[in-house]
Amino acid sequence: MVDVNQYIDNCNENLWKEFSGKFNINVKYSTNNYYSNFLKDKVCTIYVLRDVPDYASFTHELLHLYLPYHKVYIGGAIKCMLSEKNVLNTIFDAPLYDHISNCLEHIKMLPLFVGMGYPIDKFLKDYYSEKLTVNEVERLCKGYKKGFISYKYDKRFVNYFIGKFFAAKADINQGNDYKEQLKKLKELDNELYIVLDSFWKEWVNYDVEKKREIWEDNYNDLVTNLSLGLESWCSKRRFV
């Protein structure tokens, strides 16, 4: 076990006290070349590298507990609800579910990260890389549909479309401009784009910390709307 104290600084000290009071948090050395975390029930393991402690990277992983701390399990809800639909199972896979969950978590984590005093470019190791390139959009346009008269949609490219949509929307580097690329995605499949974009906007505006009455909409309602939209979109298409 790793001594967690070497990863605590003046910026994340209060966050550590708050989260470690609710979760059993262990710190272990990673067998991979990156920081990561794993949460099951109330037990969280944060994996760190064997070099000089990186406070920002550790805090990033710690902040992945922010949504569970407030009993918001958006990624799990999406996977649970969509995996029950046979038609969606042909499109969504484990890596895509994980990717979407990460994107949704990151936009809620970022204000806390910056508010603690860490530089925004330390939030992600790939901060400066483009998340949706012109070449990727061109590749999507070429492979998305099969046939000439009666279109069939390639499941792999639909998966790619969805993943790239969330990657672009969740990019925190305001220097990366995706206006033209997202316009091309919308032109490629307007209905799917609207379904995803509606959900994204609802999530951006969702107050994680608000205490809701039982009759008030919560994050599960957002996921239900996403699921219904995707089912409606799928019902009008054939896939290969």
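This report walks through aromatic contacts and helix packing in a predicted model.

## Ground rules

Residues are numbered from 1 along each chain as its sequence is written, and side-chain values use heavy atoms, with hydrogens and water left out. Because the model is predicted, local features need pLDDT of at least 70 and side-chain atom pairs count only at pLDDT 80 or more, while totals for chains, interfaces and linings use all residues.

## Aromatic pairs

Let's start with the rings: the structure holds 17 aromatic pairs (rings of Phe, Tyr and Trp, the last by its six-membered ring, with centres within 6.5 Å; planes under 30 degrees apart are stacked, over 60 edge-to-face, and the rest tilted). One of them is the stacked pair of Phe92 and Tyr97, at 5.5 Å centre to centre and 20° between the planes. Phe92 and Tyr97 are buried (under 20% relative accessible area; exposed is over 50% and partly exposed in between, with a 1.4 Å probe and protein chains only).

Phe165 and Tyr193 pair edge-to-face, with 5.3 Å between centres and 85° between planes. This pair links distant parts of the chain, 28 residues apart: Phe165 belongs to helix 8 (residues 155–170) and Tyr193 to helix 10 (residues 190–204). Helices here are DSSP runs of H or I with at least four residues, numbered from the N terminus. Both Phe165 and Tyr193 are buried. Elsewhere, Tyr144, Tyr153, Phe161, Trp233 and Phe239 form one aromatic cluster.

## Charges over rings

Two lysines are worth a look. Lys42 lies over the face of Phe23, 5.3 Å from the ring centre, and the charged end of Lys108 sits over the ring of Trp203, 5.2 Å from its centre. The criterion is NZ of Lys or CZ of Arg within 6 Å of the ring centre and within 35 degrees of the ring normal.

## Helix 4 and its buried face

In helix 4 (residues 74–82), the buried residues are Ile74, Gly75, Ala77, Ile78 and Leu82. They line one face of the helix, because seen down the axis they fall within an arc of 165° (taken from the directions from the helix axis to the C-beta atoms). These buried residues pack against helix 3 (66–69), helix 5 (86–89), helix 6 (94–115), helix 10 and helix 11 (219–235), where contact means heavy atoms within 4.5 Å.

## Thr59 in helix 2

Thr59 is placed in helix 2 (residues 55–63) and is buried, with a relative accessible area of 0%. Leaving aside neighbours within four places in sequence, Thr59 contacts Asn12, Leu15, Phe113, Met116 and Tyr118.

Methods: Helix = DSSP H or I, 4+ residues; strand = E, 2+ residues; numbered from the N terminus.
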